[in-house]
Amino acid sequence: MKSAVVLFPGINREHDMIRALRMVSGRDPYTVWHTEAELPAGVDLVVIPGGFSFGDYLRAGAIAARSPIMRAVERAAGRGVKVLGVCNGFQILTETHLLPGALMRNAGLKFVCRTIDLQVENADTFLTNRLSRGDVLPCPVAHHDGNFFADDETLKRLEGEGRVVFRYANGTNPNGSLNDIAGIINERGNVIGMMPHPEDRVEPLHGGDECLPLFRSVVEQVAAS
Amino acid sequence: MKAIVKIMLKPGVLDPQGKAIEHALGSLGFSGVGEVRQGKLITLQLDDADAEGARTRVREMCEKLLANTVIEDYEIEIVE
């Protein structure tokens, strides 16, 4: 699997993501700076990691979403390349309109950094196909703006089309997200955004490796396609 | 010429920061205060000579960057 990790000034979780991708694919992902206009040829997966791109000025992810590399990510997504955005990456994908809705300030107004229960709602995606619907995985969150909002019609569509991939389970919603939404997928099924950090739950040193199947799913899906 | 852009969360979108301000006002003894909403004010100095052209350009700036129209409304004021 050839993957690329997109970097913006202020992104700070790329090393964990690179390590997780290396663990499952056996090769280093490309790293691509935000000023680039093209992604490396032939990438199967583009990952936008977490952090605080451009200081989260204006709105979380807003300035990153307008950078040259995101035009290339849009084109890649249009060709069916898989795209995963985690935390700030999810915010950037909504600001780019590759995913619907918006991530607003946490309802409790505080930055939250803790482990939540992440429930798989759709096990038929490139990120979850090694799991089953209803599986609950411990997964860390670390964000200030993770409160998913969408208008009623969009929310109805997301729910009706099975496009909610993950929910916070067992009362662990840390941010007031509508319907406890932690992650969603686009209509075509190749772009996923999620607030929790599965790359930080993939080896014993993290306290457990429960989220490793997510990354193994992507490798398997890429090999199959 | 100067433009003033006012950006507010759309009606119906929960504004946790506005709520926190409302509670703080209440605890300071200001009674009868409700529906506190917080927004942003952005000012821009523009080279444009004509106000309508400036307004069109600022509207484009709002749509492309300054506001997230999924959750926010904006108002533009052009000051000569």
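1. Two strands are taken to pair if DSSP finds at least two bridges between them. The points below apply that criterion to a predicted model and begin with chain A. There, A:Ile184 stands opposite A:Gly193, a residue of strand E11(A).

2. The pairing of E10(A) with strand E11 (residues 191-194) of chain A is antiparallel and comprises three bridges. These two strands, E10(A) and E11(A), make up a hairpin in which five residues lie between them. Within the turn, A:Gly189 has a positive phi of about 90°.

3. E10(A) also pairs with strand E9 (residues 164-168) of chain A, again over three bridges and in the antiparallel sense. In this pairing A:Arg167 has A:Ile181 of E10(A) as its bridge partner. As to burial, strand E10 (residues 181-185) of chain A is mostly covered, with five of its five residues buried.

4. Which sense of pairing, parallel or antiparallel, is found in the three-stranded open sheet of chain B? The pairing is antiparallel, and the strand order is E2-E1-E3. E2 and strand E3 (72-79) of chain B are the edge strands, each pairing on one side only. From one strand to the next, the twist averages 15°.

5. Within that sheet, strand E1 (residues 2-9) of chain B runs antiparallel to E2(B), and seven bridges join the two. One of the facing pairs consists of B:Ala3 and B:Leu44, the latter in E2(B). Helix H2 (residues 51-66) of chain B packs on the sheet and touches E1, E2 and E3 of chain B. The direction of helix H2 makes about 155° with that of E3(B).

6. In chain A, the phi of A:Cys87 is positive, near 60°. A:Cys87 is located in the loop that lies between strand E4 (82-86) and helix H4 (88-95) of chain A. Is A:Cys87 buried or exposed? A:Cys87 counts as buried because it has 29 C-beta neighbours inside 10 Å, the threshold for burial being 20 or more.

7. B:Glu35 belongs to the loop between helix H1 (16-27) and strand E2 (39-45) of chain B. B:Glu35 has 9 C-beta neighbours inside 10 Å and therefore counts as exposed, the limit for that class being 12 or fewer.

Technical notes. Residues numbered from 1 in each chain as written. Chains lettered and ligands numbered in written order. Predicted model: local features only at pLDDT ≥ 70, side-chain atom pairs only at ≥ 80, totals over all residues. Helix = DSSP H or I, 4+ residues; strand = E, 2+ residues; numbered from the N terminus. Axes fitted to C-alpha atoms, helices over the stretch in contact; angles between N-to-C directions. Contact = placed C-beta atoms within 7 Å.
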